[in-house]
Amino acid sequence: MINMRRSGGNQMAQNNRANRRSRVALACDICRLRKSRCDGIRPSCSACGRLGFECVYTTPNHTQNVIIQKEYFQALEDRVKSIEETLATMKDDLGAASTSSQTSDIEAKCAINDTNNPVRGIGLNSLTDEKEPGFLGPSSNDYFLRCLCHAITPEKDMPILPTSNMESHVDVFQAQYPTPASERTQSSEANIFSLPPANEMTELVQKFFFEIGILFPFIYPVTFLETYTRLLKNGCLSVRRKWLALLNLIFAMVKLSIIPNKQYVATYITESDACYQRAVNLYGEEIFNGENIEDVQFLLLLGQYLHGRHRPGQAWTVHTLTVKAAFKLGLHSQNALKDMPALAKEARKRTWYGCVMIDRFLSMTLGRPAAIPDCYIRLELPANHTCIDTSTIMDNTTADLSVSCLNSTIALYKQLAKIIDVLFDHNLDSGTSLSINEIISHISSMEDSLCAWQISLPHGLTILSAAGLHDEQQEPLTNAEFFSRKFSVMISLRYYNIRTLLHRSTLASMIETWRHTTDQQGSQTIPLVGLHSLEICTESAIATIDMIYELVYATDWRTNLLEAWWFSLHYVFNAALAIIGVLWLCKSNYVLGLTMEQLARKARLYPDRAIAVLSQLVSGDPVTDRCRDILQRLTEVLYDPTGQGNPFQDQLTSLQGHGSMSEILNSLSQDSHHSLNNMCFEASATIEDLLTLSSGTGVLPSDQWQGLASTQDFDVEGP
C-alpha cells in the first residue's frame, strides 16, 4: 500500500514537472506588451501565431535579465575542455623536446614559416660569405697592409682587392661556410622550438658563464638559471619566447668559441649556425624594437657571434641597432638610475659598458668612426654589490675579479678611443695626416696615460709576459687563482695590442714618408724618440706573439687561459704586420744605424712564429688560413725579393774574409730554406752589411709583387 502511494506520488510529480512551462530567455514584443507568457518559438511564437500578430523579438539594451540556456553553457564547457586537452598534449610534447633531440609532430606544426620576416632584410637570417665587408679605415689591419703593399711596389699603385679578379679567386680564398641551402635545413622548415638534450644544454650553459659570460658579465646568472630550471622542469611553454631565443644564442656562442682540441670541425659550425637561426627566428621582428634591456643584451651577444663568424658587415649593422636601442632606453643616463633597485642599476650599467667595449673593439678592427663618442660616456662604473648573488656560479673573490677586469678594460678602451681619435683622425680617412713630430708628441702623452693605467691595476690583475707564463707549471689550487691568471692574460693581450696600434702610427708614417721620398738612396734624419717608438712597437708585437704562442702550444691547464680564438687571431695578425713593417724599414735605406740593427735582431724570427701560432690556433677556419697565407707570402717576399732562393748566394765568394758575416752566410748557404729567418745576427753584422748584400735599394721588383697582390682578393681584416 505504501509502495503504491509512493509510486503514485512520483508519477504526479513527473506530470507536474512536464506541464510546467520553461522560462524563455527573451519574449517577443507583443507578449511583453500583453504581459502574457511567451514560449519563445521563432520566427513566431504560439500566441502571435494564434492571434495573427507579427512576432518581433527586440533585444534590450541591458542584459541583466537575459537567461543563458544550459545547452550554451555545456557547449562552452566542452570547448574549454577540448582546448585544455590540446594544450596539455602540446606541453608534454614540447617538454619532451627539451630533454630529447627528437622533434614531435606538434612541435613541427608550431614552427614559424614567415617568408616576410624583416630580419632577413639585414642579412641575419642566412650566413652567406661576405665578399664585401665595407669600409675598412686607418686603424684596421687591412688599411695598414695596403700601406705596406704600396710602399713595396712604388712603381705601380696596385690595390690589394682588385674587383676584376674578385670572382676568379673566390673559390680558392673564400671557402664557403655551411649555408642554409646547402648543408642545413632551411630555416623556414626547421623547428624553432627544438633544443639539445638536457645534459648537453646544462654543459653549454655552464661553459658560457664560466668561460664567456664571466668576461662580459652583462647577463645576471642567477635570474637566468632560475628560468633555465623552470624550462627543464616544465618545458618550452613555461618560458618566454625572447628568453628561449637568448638561450639558443648562448648555445651558438659556446659552440663557436670553445672548440675541443682546437679542431674547427664543420659539425661545430653547423650546430652553432643552427642555434643562431633558431635564436633569430624566435626573436623575429622584436629584434628591432629595443623595448627593454633584454633586447639590448640579445643584440650584444648577436654582434659578438657575427664577429666571431667573420661577418664584419653584419656585426657592424647589429652593433648600430644595439647602440640605438641603448640610447632609446637611456642606458647612458646617470639620472635614469635614481630610485632604481641596486640589481637593476648594475644590469643597466654593465649592459651599457658592454655596448661601449664592443664599440671600441669594432671601431679599431674595422677602422670605422665610433658609434658612441667618448664624450657620451659619463655613467658610473659597475660594482659588485652585496645584493648581486653569484655564489651558484663563482665565489666572491672571482666575482670581484670579474668586475675589476671589466672596469680595467673600460679604462683601457678609453685610451684606445683617444688613440683612434687623435692619431687615426677618428677613422674618418679624411686625407689629412700628422707629421712625424706631431705623432711622436701625441704618443709620448698617451704612453704616460698607459703607464698610469698599468700602475692603477687592482690586486689580482697584472701585465704578464710569455716567460712568466712559461714558468707557471703548477696548476692553480682555487678558482680565484685560475681566473686571476685568465683575466691577467686577457688584460695583457689587450694592452699589448693597443700599444702596438699606438706606435704603429709612427711606423706607418715612416713607411709613407719613404714611399714619397724622391731620393731613395739617401738616408733620412729621424728623431731618436721616433726610433724608440719603433722599438716599443716591435716589443709589444713580440710580447703578443710570444704569449699566444706559449698558450696555444701548451698541453696543460694554461690552454684555457685564452679568450675566444678570433680575438687571438686579430692580435697575432696585427702584431705580425707591425713586425713585417719594421723589418721592411730595416731592409730599406730609409733608416740606418745600430738601433735598426737591434730591431732586426729582435724581430727576424717572429713572422714565422706568428705563422706557427695561426697554424695551431684553430684548424680549418678559412679566414685564419687566409691570414696565415698572407703572412707567409709577405715573409717570402720580404726575405727573397727575387724569388730565386738565397739573395746573398752570389756574394759568398767575395765575402770569405769578412769574419763573422762570412760565417753567417756559410751557415745560411747550407740550409735548404734560404731566408733571413734562419740567420743568426752577430754583433759585427751590421744592417749596412745586409743592405750591401741586397744592393742597398730594398725595393722589390713590381713583377715579383704581382703574385702576392693578385691573391689578396678578400677581406684581410678577418678577425
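Is Cys-45 buried or exposed? Select Cys-45 and you'll find a buried residue, at 2% relative accessible area (buried means under 20%, exposed over 50% and partly exposed in between, with a 1.4 Å probe and protein chains only).

Before moving on, some ground rules. This is a predicted model, so local features need pLDDT of at least 70 and side-chain atom pairs count only at pLDDT 80 or more, while totals for chains, interfaces and linings use all residues. Residues are numbered from 1 along each chain as its sequence is written, and side-chain values use heavy atoms, with hydrogens and water left out.

**Stop 1: the whole chain**

Colour by secondary structure: there are 26 helices and zero strands (DSSP runs numbered from the N terminus, with helices being H or I of at least four residues and strands E of at least two). Of the 719 residues in the chain, 51% are buried.

**Stop 2: residues 27-57**

Select 27-57, which an unreviewed UniProt entry labels "domain: Zn(2)-C6 fungal-type". UniProt positions are in the numbering used here, feature names are shortened, and annotations may be inferred rather than shown by experiment. The span is 39% helix and 0% strand, and its end C-alpha atoms lie 7 Å apart.

Go back to Cys-45 and look for the closest cysteine sulfur. That sulfur belongs to Cys-48, and at 3.5 Å it is too far for a bond. A disulfide here is a pair of cysteine sulfur atoms within 2.5 Å, and by this rule the count is zero.

Then step to Pro-43, in the loop between helix 2 (29-34) and helix 3 (46-51). What is the peptide bond from Arg-42 to Pro-43, cis or trans? The bond is cis, with omega near 5°. In general, most peptide bonds are trans.

**Stop 3: the cores**

Next, show nonpolar cores: sets of buried Ala, Val, Leu, Ile, Met, Phe, Trp, Tyr and Cys residues joined through side-chain atoms within 4.5 Å. The largest has 167 residues, and Leu-247 and Leu-302 have the most contacts inside it. Helix 20 (residues 565-587) is the biggest contributor to this core, giving 18 residues. Domain 2 (194-415) and domain 3 (433-640) both supply residues, so the core lies between them; those domain bounds come from an automatic or database assignment.

Centre on Leu-247. Leaving aside residues up to four places away in sequence, Leu-247 touches Leu-195, Val-205, Phe-224, Tyr-228 and Leu-231. A second, separate core has nine residues, including Cys-45, Cys-48, Cys-55 and Tyr-57.

**Stop 4: aromatic rings**

Rings of Phe, Tyr and Trp (its six-membered ring) pair if their centres lie within 6.5 Å; planes under 30 degrees apart count as stacked, over 60 as edge-to-face and the rest as tilted. That gives 15 aromatic pairs. One of them is Trp-453 with Tyr-495, stacked at 5.7 Å centre to centre and 15° between the planes. This pair links distant parts of the chain, with Trp-453 in helix 16 (residues 436-455) and Tyr-495 in helix 18 (residues 479-515), 42 residues apart. Trp-453 and Tyr-495 are both buried. For a cluster, select Phe-208, Phe-209, Phe-224 and Trp-243, which are linked by ring pairs.

**Stop 5: a loop with positive phi**

The phi of His-426 is near 60°, positive in a residue other than glycine, and His-426 is partly exposed at 37% relative accessibility. Asp-429 is in the loop between helix 15 and helix 16 too, with a positive phi of about 55° and 35% relative accessibility, partly exposed. Most residues other than glycine have a negative phi.

**Last stop: Gln-616**

Finish in helix 22 (residues 606-617), where you'll find Gln-616. Gln-616 is partly exposed, with a relative accessible area of 30%.

How values were computed
Contact means heavy atoms within 4.5 Å.
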